[in-house]
Amino acid sequence: MTLPVPLSIRLRTALRDVHVTSQVDDVRFSSNSPGGYDACQIRLYRPLSFFPDEVAQFGRLYVYAPSGLVWEGRLQDPGRTAGDDGEVYDLAAVGGQAHLQDDTRMYYIIDADPTHWAKTDPSGTRAATVSQESDNTAAGDAALVLRIPQGTGVDGAIPSRVVAAHRGISEAGQKLARVAFSWDSGLTSASITAALYAGTYGVGAADIPWSATFNIAGGTVGRIVDPGAGSTSWSNGRNWPILRFHYTGALGSVSADSWWLEITNLFVKCMMFTKAGVEITDYSSATNLRYADNNVYADQVVEDLLGRMLTATIDGANATVSPTSYAIDHLAYPDGTTPLGVLDDMRQFESGFTWHVWESNPLNDKFSFEWIQWPTTVRYEADTIDGFSAPASGNTIFNRVAVRWVNRGVTHTTFRTRAVPVLDNLGLTRTAYIDLSNEASSSANAIRVGDQFLDEHQYPLNAGQLVIRRPILDILAGRMIQPYELRAGTLIRVRGVESYPDSLNPAGRDGLTVFKIASTSYSASDAAATLDLDTYSPSIARQLRAMRRRPPRR
Amino acid sequence: MSTWQFVDSISGSATVRLDLNSAAGGLMLAGEPDLSPPNMRRVVSSSMLIAGDRIPASAFGNRTIKMTLQLLNQTSADTAATKLQALARELTRMPVRPGDSSNVLRVMVGTTPMFFRTFPSPDLAYQLMLLNPSMGRATIEIPCEPFGYGVKETQGPFTVNNDPAAGSNGMFFDLTAPKGDVETPLDLQFANGSGFGAAGRLYSALAIRRRGTPSATPLVLQAESMTQGTDTTVQANSALFSGAGSNWSRCTFTTATSGQRRLYTATTFPTSPSLDARGLYRVFARVRKTVAGDTITVRLQYGDTNAVKLGPLKVLALNTGIQYVDLGNVQIPVGYDPITDRAGAEITPLGPYIDFYARRDAGSGSLDIDHLLFIPNDDRLEFIKWPTVQASASDTWMALGGAEPAAYCLDTSGRIRSTETIEIAGGPGLMISPGITNRVFFARDVGAGTAAAAGGDVITATTVVTASYHPRYLYPLKPVST
């Protein structure tokens with residue numbers, strides 16, 4: 001009786017759909033979390049004199065076991081070699097998660113950075129200025145200030161005016177959903193009118209959802225898109241928010257430095273999509289909070305990514321997107337990002353969550369997606385007898401973190417601390433450094449990210465590995481599974497290491513016997529799955545990938 | 001005298017390409033040829049944590065046939081050269097597909113032949129007799145596929161009923177005592193008129209059970225035999241559904257549209273404990289919606305009396321055709337299964353309790369449930385998506401088993417026909433074991449394609465299947481009839 005590994009390998013292109021199991025000399029495939037199906041390599045023996053129809057960039061590669069699909073992705077590098085091993089196609093395929101890097105674009109969800117506003121309208125008053133005052137208050141709140149300087153000649157017949165606009169939304173191809181701010185002015189005057197315009201860049205007249213004459217009492221404004229709300233709103237499709245004031249009085253000059261309009265707590269929010277790709281337009285619904293607040297939640301952002309950027313490749317309609325709780329008050333990518341970059345940022349806000357791209361839905365050929373909380377129940381049980389390591393370096397423990405963030409034109413650093421006995425008892429302070437750049441950066445966001453980081457780093461992060469070469473129990477499914485069926489993104493209880501009764505009732509990874517499966521890698525040549533526990537084991541390849549993902553500092 | 005010949009195929013009527021053991025032909029075996037079985041390749045797992053090694057995977061390597069041939073009856077060095085050239089050409093015959101074997105060596109020591117598929121990469125030696133150049137001796141080592149093959153064996157045709165409650169061959173057929181030493185790929189031929197080419201594309205499932213008593217494999221759990229849960233009642237007989245008497249259940253969602261237990265077993269499934277119940281099963285529910293646009297989601301739960309294990313949630317397609325919906329895998333028994341005790345005796349498993357849950361998220365219609373189908377998938381399970389267009393009603397359809405499953409269409413002359421791409425998911429393909437009963441399970445249509453395009457799965461449909469295989473042998477001496 002032989003025990004061949006019962007895997008079957010299928011290649012599919014538009015021209016050919018075949019199983020090639022007997023023509024490959026090995027298969028290795030992996031999954032990771034966050035990520036899902038990661039990579040797969042096979043060596044296919046075919047002559048190089050013609051290109052086989054079943055091999056093509058972005059063709060599909062499937063690996064099946066009797067119990068079902070165990071890996072799926074797209075061919076990326078059909079590398080051809082000729083040498084001592086004959087003529088060989090070294091096929092490298094990547095899981096559906098690779099599609100998260102297909103699209104780099106400007107992306108605005110909610111923008112609280114007044115530096116993204118600039119003076120516009122060349123026909124306006126030349127001497128007028130638009131400036132950002134970074135630390136308008138002791139709390140560091142910034143202001144957008146529109147001003148006609150003292151001594152400037154003004155004429156209501158022109159009229160004299162100063163105009164500031166946010167160009168990014170139109171350049172990103174997005175639409176305006178909400179504008180909110182507080183305002184103040186340097187004088188009270190019925191001859192000077194402040195206003196919010198909602199225009200369409202380069203097209204026709206704008207809607208004017210708010211206007212008021214100058215009053216030193218100021219006020220607070222919040223307006224959302226709503227075609228049915230009349231003059232206090234704007235029609236769906238506007239993409240060019242404008243703040244301005246203009247003079248309606250007689251010819252004269254500005255006699256004092258009081259012709260200014262100060263805008264604080266400025267938020268601009270964009271139209272969003274459901275995960276199924278439908279633009280959210282129930283503006284006036286009493287239960288719809290999507291555009292009613294000056295923040296967004298990570299799950300809303302994830303749904304927007306699915307419905308906006310990934311509709312061609314990811315099955316958003318059937319995706320699992322679990323709700324999150326932290327309200328993000330600034331998320332804008334004026335320098336461009338990818339869905340992967342956004343998801344990386346979302347995990348900084350919600351470190352208890354992860355995401356995966358798994359197999360495709362046969363009904364639409366799109367990859368399945370899930371944004372879920374890390375499970376708190378153990379799924380697998382395994383022993384150490386096939387190989388185990390658990391290096392847990394003190395280098396991963398921190399009791400202080402510095403979060404750099406850039407907003408409103410100023411670089412800030414927010415420090416957060418956490419009681420970590422193993423450091424505190426020795427009088428040690430270890431400070432980690434996180435760079436939020438100017439994209440997901442606000443005071444509140446920095447605090448959240450810092451605290452989430454410290455939550456994850458108060459105990460040493462395991463970077464170990466577990467090798468599995470035999471069937472183990474899948475507790476959730478209630479069945480024994482083979483090593484090639486293991487998936488990342490779950491918890492595993494490892495027997496044979498120090499344990500305690502609570503490990504049978506864990507609330508998550510404990511660093512002793514219950515671990516997160518950060519990645520799995522299966523090789524048919526040695527019939528073994530290697531699991532990275534809690535975090536990726538150190539490797540040059542992973543470091544290079546991390547460096548590639550890291551955005552340049554701005 | 002034994003027969004050693006290169007021939008054109010593995011067939012009782014194969015054409016001889018070159019005779020290697022015929023004085024008249026000019027080549028004779030000299031000495032004792034070596035037909036030893038192939039070496040085994042093993043993955044060995046060991047550590048200092050456990051005594052002994054494990055072998056989690058193993059597979060035979062290629063066989064190498066070694067023989068020495070004597071040139072005989074050659075009139076000159078020139079005729080000897082011609083004979084050697086013929087040998088060289090057979091040894092290096094080019095395969096159609098690079099990497100494949102390219103020739104067939106027929107060896108008959110007893111009364112029945114055995115065939116070896118040879119690769120065009122032999123090791124050669126030649127001793128030239130200078131005093132008589134026509135009397136040279138060639139030593140050859142030919143790499144071959146691991147096993148010797150017998151001629152094609154067929155069983156059937158079997159008329160497979162698409163009703164798991166049918167009196168005979170209800171979604172299965174049995175292959176009795178296949179020949180050979182070791183397992184071998186199973187090829188299936190589906191006869192014309194079997195409905196392949198249906199609108200919406202048939203999506204067939206093929207699986208196999210080849211241990212214990214395959215006839216005792218649990219296969220179906222009728223809805224009407226289960227305890228009826230919330231808003232669910234047994235309905236009067238319908239010829240559209242499986243089973244006798246009141247043979248299906250309807251869930252109306254009248255009192256609750258949320259996820260409720262609509263059907264469940266009051267005892268374990270199967271009712272009687274059995275060694276043959278052990279295994280992994282892919283469970284499909286045969287269902288029908290009464291309103292196409294309803295959004296209905298179903299799920300299987302299983303386990304102890306509380307049936308706490310959750311299968312995947314499945315949303316039914318937007319049509320009213322009868323269709324199987326895939327509810328995921330269930331292992332019997334649920335949980336740890338060491339299979340044997342310390343004495344090596346197999347432990348009898350009790351089946352799990354089965355609950356069928358359904359919810360209606362939108363709509364007003366009902367859900368009709370016929371049965372739950374348990375397809376064993378701890379050995380082999382593959383799905384074949386047949387073409388929509390059948391060029392000729394007399395075409396037949398082939399499904400090849402083994403490591404590289406394939407499916408294609410043959411015309412009445414046995415020629416392969418170009419078709420719409422046939423897709424195969426799952427695998428590896430079916431293998432059968434010699435000397436025992438192999439039960440092949442065939443679910444004709446477990447996809448949603450025909451339900452969307454037409455009426456869906458037809459309980460009265462039949463499929464005529466002929467099974468064939470080439471028995472495979474380790475040793476070169478082959479029994480006459482097995």
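Which side chain does A:D257 meet in a salt bridge? In this predicted model, the partner of A:D257 is A:R147, with 3.1 Å from N to O. That pair links distant parts of chain A, for A:D257 sits in the loop between β19 (252-253) and β20 (260-270), whereas A:R147 belongs to strand β11 (residues 143-147), 110 residues apart.

**Confidence of the model**

- The model as a whole scores ipTM 0.71 and pTM 0.81.
- For chain B, the average pLDDT is 91, and 98% of the residues reach a score of at least 70.
- Where pLDDT is low, predicted coordinates should not be read in detail.

- Chain A is built with 6 helices and 37 strands, and its C-alpha atoms fill a box of roughly 100 × 65 × 45 Å when taken along the principal axes.
- Of the 554 residues in chain A, 56% count as buried.
- Among the contacts in chain A that join residues at least 6 apart in sequence, 71% are between residues at least 24 apart.

**The surroundings of A:E279**

- A:E279 is found in the loop between β20 and β21 (296-297) of chain A, and at 18% relative accessibility this residue counts as buried, since the cut-off for that class is under 20%.
- The side chain of A:E279 makes a polar contact with the side chain of A:N236 at 2.8 Å.
- Once neighbours within four places in sequence are left aside, A:E279 is in contact with A:K175, A:N236, A:M271, A:M272 and A:F273.

**The interface between chain A and chain B**

- On the two sides of this interface, 44 residues of chain B are in contact with 39 residues of chain A.
- B:R54, B:Y336 and B:E404 supply 16% of the area that chain B buries against chain A, which is more than any other three residues supply.
- Chain B and chain A together bury about 3,300 Å², and 53% of that area lies on carbon and sulfur atoms.
- Across the interface there are 14 residue pairs in polar contact, counting pairs with both residues at pLDDT 80 or more.
- Several strands of chain B each supply at least two residues of the side that touches chain A, including β4 (40-47), β22 (279-289), β26 (323-332) and β33 (423-426), while β5 of chain B gives the most, with 8 residues.
- Sorted by class, the side of chain B that touches chain A has 23 nonpolar, 10 polar and 11 charged residues.
- The count of salt bridges between chain B and chain A is 1, and A:R10 forms such a bridge with B:E423, the closest N and O atoms being 3.2 Å apart.
- A:R10 and B:E423 also belong to a network of salt bridges in which A:D17 and B:K385 are linked with them.

**Salt bridges within the chains**

- A search of the whole structure finds 45 salt bridges over all chains; side chains of opposite charge can pair when their charged atoms come close.
- In chain B, B:R117 forms a salt bridge with B:E145, the closest N and O atoms being 3.7 Å apart.
- B:R117 lies in strand β8 (residues 114-118) and B:E145 in the loop between β10 (137-144) and β11 (148-149), so the pair ties together parts of chain B that are 28 residues apart in sequence.
- B:R117 is partly exposed, with a relative accessible area of 27%, whereas B:E145 counts as buried at 17%.

Note on methods
Residues numbered from 1 in each chain as written. Chains lettered and ligands numbered in written order. Heavy atoms only, no water. Contact = heavy atoms within 4.5 Å. Buried area = accessible area lost by both parts, 1.4 Å probe. Salt bridge = Lys/Arg side-chain N within 4 Å of Asp/Glu carboxyl O. Polar contact = N/O pair within 3.5 Å; in protein donor to acceptor, adjacent residues only side chain to side chain. Helix = DSSP H or I, 4+ residues; strand = E, 2+ residues; numbered from the N terminus. Nonpolar A, V, L, I, M, F, W, Y, C, P; charged D, E, K, R; others polar. pLDDT = per-residue confidence, 0-100. Buried < 20%, exposed > 50% of the residue type's maximum accessible area, 1.4 Å probe, protein only.
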